[in-house]
Amino acid sequence: MNNNTNQYVPSIGLGTYNMSSEEAEKMTYEAIKYGYRHIDTAAVYKNEDGVARALKRIFKETQLRRDDVFITTKLWPGGLIKLDRIRDYKDTLKSFEKSLMRLNLEYIDLYLIHSPHGKNKRIEQWKSLMKLKETEKVKYIGVSNWGINHINELKENDLPLPDANQIEIHPWSQKPELIKYLRENNIDIIAYSSLVPLSSWRHKVGENSKKTDEMYKLGESDDSPFKLLAQKYKCTEAQFLLQWAVQQNFAVLPKTVNLDRMKENFDFNFEINQNDMHYVQTLDMGGSITWEYGDPLKVQ
Ligand SMILES: NC(=O)c1ccc[n+]([C@@H]2O[C@H](COP(=O)([O-])OP(=O)(O)OC[C@H]3O[C@@H](n4cnc5c(N)ncnc54)[C@H](OP(=O)(O)O)[C@@H]3O)[C@@H](O)[C@H]2O)c1
């Protein structure tokens, strides 16, 4: 296991997007039993109840206690599509209470605003997270998919900055400017969708994104950079991609519904040399791939 130099967020967590409640229950239970200590869910994933059932079993059957695991969930801010009502200060508090209830917990470790789509209510939403942090119900508060402009709004309003920002990062989407800004401002960086370059990434019907057929072909090719690098480091492609992120002190959230992959995504311990880190830097395509509705960082 790798050392974690983030201030608050454990380096490897289980992602649960695209999991049903039942899948989230099974994978959360197995992952924590295997050694994972961080689970990432969200109100909009509609599987917080599954995570809750797994935690209940874990606390009953093992020596682990609540403070041995780190649970992240997210406020759906609204505003993504026309009918998606934007949450105000009170709605945000209510949404939090609902997540807490569904998770059947006394507190959440990290509560994030899922995206900047709250537009003119972003500040209001942030103030309600600040209020929550004053209580014992949440330890850390943060944002997700917020760019420099969005975080600067907090500075302009003399508000405290987020503890963490969860963003899409992988070799095809490296966001150097945003990373530099987050580091300068001591904001923990949580990378999501680390495995985008794999040909097996979101390959099932209904698992949508902006990944193109050409990108899928790139991942399938025998001489794809990550196949060659995995051979060189005697690891799997997924492990190479995860180490690439962890080595830069990003927390990662690999999602899988497969038990062997869950273990593979946790069991890696090697260093990528500087030449190869520099080479991977050249593979950046810019932009974003994960969100089918377009890059959330671009929201005004
Ligand atoms: N804040 C946000 O806006 C946001 C957006 C996206 C994601 N996230 C968070 O980040 C987590 C991870 O991102 P993600 O779900 O986009 O995808 P990911 O973890 O980058 O990749 C998951 C995909 O790769 C496959 N996979 C997993 N491990 C593998 C392995 N070892 N070898 C080959 N294929 C493997 C999975 O298939 P199987 O499941 O079939 O194994 C799935 O299709 C999410 O679950 C969520 O918690 C947050």
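**Exercise 1.** Find the residue of β6 that is the bridge partner of Ser144.

*Solution.* Step 1: the bridge partner of Ser144 is Gln166 in β6. The model is a predicted one, with pLDDT of at least 70 needed for local features and 80 or more for side-chain atom pairs, while totals for chains, interfaces and linings use all residues. Numbering starts from 1 along each chain as its sequence is written. Helices (H or I, at least four residues) and strands (E, at least two) are DSSP runs numbered from the N terminus.

Step 1: β5 (residues 138-144) and β6 (residues 164-168) pair in the parallel sense over 3 bridges, where pairing requires at least two DSSP bridges between the strands.

Step 2: helix α4 (residues 122-134) packs on the sheet, where α4 touches β3 (70-75), β4 (108-113) and β5. The direction of α4 makes about 160 degrees with that of β5. Such angles run from 0 to 180 degrees between N-to-C directions, with axes fitted to C-alpha atoms, for helices over the stretch in contact.

**Exercise 2.** State the order of the strands in the open sheet, and say which strands stand at the edges.

*Solution.* Step 1: the sheet has 8 strands, ordered β1-β2-β3-β4-β5-β6-β7-β8, and the pairing is parallel.

Step 1: the edges are β1 (14-15) and β8 (251-252). Each has a single partner strand, so one side of each has no neighbour in the sheet.

**Exercise 3.** Decide how many residues of β6 are buried, and assign them to the faces of the strand.

*Solution.* Step 1: a residue is buried with 20 or more other C-beta atoms within 10 Å of its own, exposed with 12 or fewer, and partly exposed in between, C-beta atoms being placed from the backbone.

Step 1: for β6 the count is 5 of the 5 residues, so the strand is largely enclosed by the rest of the structure.

Step 2: Ala164, Gln166 and Glu168 lie on one side, Asn165 and Ile167 on the other, and both faces are covered.

**Exercise 4.** Determine how many residues of α9 are buried and which elements they pack against.

*Solution.* Step 1: 10 of the 10 residues of α9 are buried, so the helix is largely enclosed by the rest of the structure. Among them are Ala238, Gln243 and Trp244.

Step 1: these buried residues pack against β7 (188-192), α8, β8, α10 (259-264) and α11 (274-281).

**Exercise 5.** Locate His170 and classify it as buried or exposed.

*Solution.* Step 1: His170 is in the loop between β6 and α6 (176-184).

Step 1: with 28 other C-beta atoms within 10 Å, His170 is buried.

Step 2: apart from neighbours within four places in sequence, the contacts of His170 are Ser193, Ser194, Val196, Pro197 and Leu241.

Step 3: Thr135 is 35 residues from His170 in sequence and 35 Å away in space, C-alpha to C-alpha.

**Exercise 6.** State how many residues surround the ligand and which are the closest.

*Solution.* The ligand is surrounded by 31 residues, each with its C-beta atom, placed from the backbone, within 6 Å. The closest are Gly15, Tyr192, Leu195, Ala238 and Lys255.

Notes
Two residues are in contact if their C-beta atoms, placed from the backbone, lie within 7 Å.
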